[in-house]
Amino acid sequence: GENNKSLIRTDAAGIAIDAIKRSEQGDSCVIRLHEFFGGRRKVKLSSGYPVHSWQLCDLMERPQGEVTSGGEIELEFKPYEIHTLLIKFFE
């Protein structure tokens, strides 16, 4: 049948998903998003697949901040801010 599960969804307008790719290490998914309305917003991300853990990283995919386990991902965006995430899905 059709697989309609989306890898990543956002619950907010004004957030664009710019890139989804496999990490250089190959064990995570890299997702880059940015805010394009010029506002501050809290965004919840969700996936059709079970999320094991996630953390923010820089543009070179170097981890920043702590690893958060579990499914719901919450981010805060400043105007025009870019966030890059490393997401590990359950195998």
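This is a predicted model: local features need pLDDT of at least 70, side-chain atom pairs count only at pLDDT 80 or more; totals for chains, interfaces and linings use all residues.

Biologist: Where is E61 found?

Modeller: E61 is in the loop between β5 (51–57) and β6.

Biologist: And is E61 buried or exposed?

Modeller: Buried: the relative accessible area of E61 is 9%, and the cut-off for buried is under 20%.

Biologist: Which side chain does the E61 side chain make a polar contact with?

Modeller: That's K21, and the two side chains make their polar contact at 2.6 Å. There's also a backbone atom to look at: the nitrogen of E24 lies 3.0 Å from a polar atom of the E61 side chain.

Biologist: Leaving aside neighbours within four places in sequence, what else is E61 in contact with?

Modeller: Besides K21 and E24, the list has S23, Q25, V30 and L86.

Biologist: OK, on to P63. Which strand is it in?

Modeller: P63 is in β6, which covers residues 63–69. Setting aside neighbours within four places in sequence, P63 contacts Q55, L56, C57 and L86.

Biologist: Switching topic, how many aromatic pairs does the structure hold?

Modeller: One. F36 and F37 form it, edge-to-face, with 4.9 Å centre to centre and 80 degrees between the planes.

Biologist: Why does F36 count as partly exposed?

Modeller: Because its relative accessibility is 40%, which falls between the 20% and 50% cut-offs.

Notes
Residues are numbered from 1 along each chain as its sequence is written. Side-chain values use heavy atoms; hydrogens and water are left out. Rings of Phe, Tyr and Trp (its six-membered ring) pair if their centres lie within 6.5 Å; planes under 30 degrees apart count as stacked, over 60 as edge-to-face and the rest as tilted. Buried means under 20% relative accessible area, exposed over 50%, partly exposed in between (1.4 Å probe, protein chains only). Helices (H or I, at least four residues) and strands (E, at least two) are DSSP runs, numbered from the N terminus. Contact means heavy atoms within 4.5 Å. A polar contact is a pair of N or O atoms within 3.5 Å; within protein, one must be able to donate a hydrogen and the other to accept it, and residues adjacent in sequence count only if both atoms are side-chain atoms.
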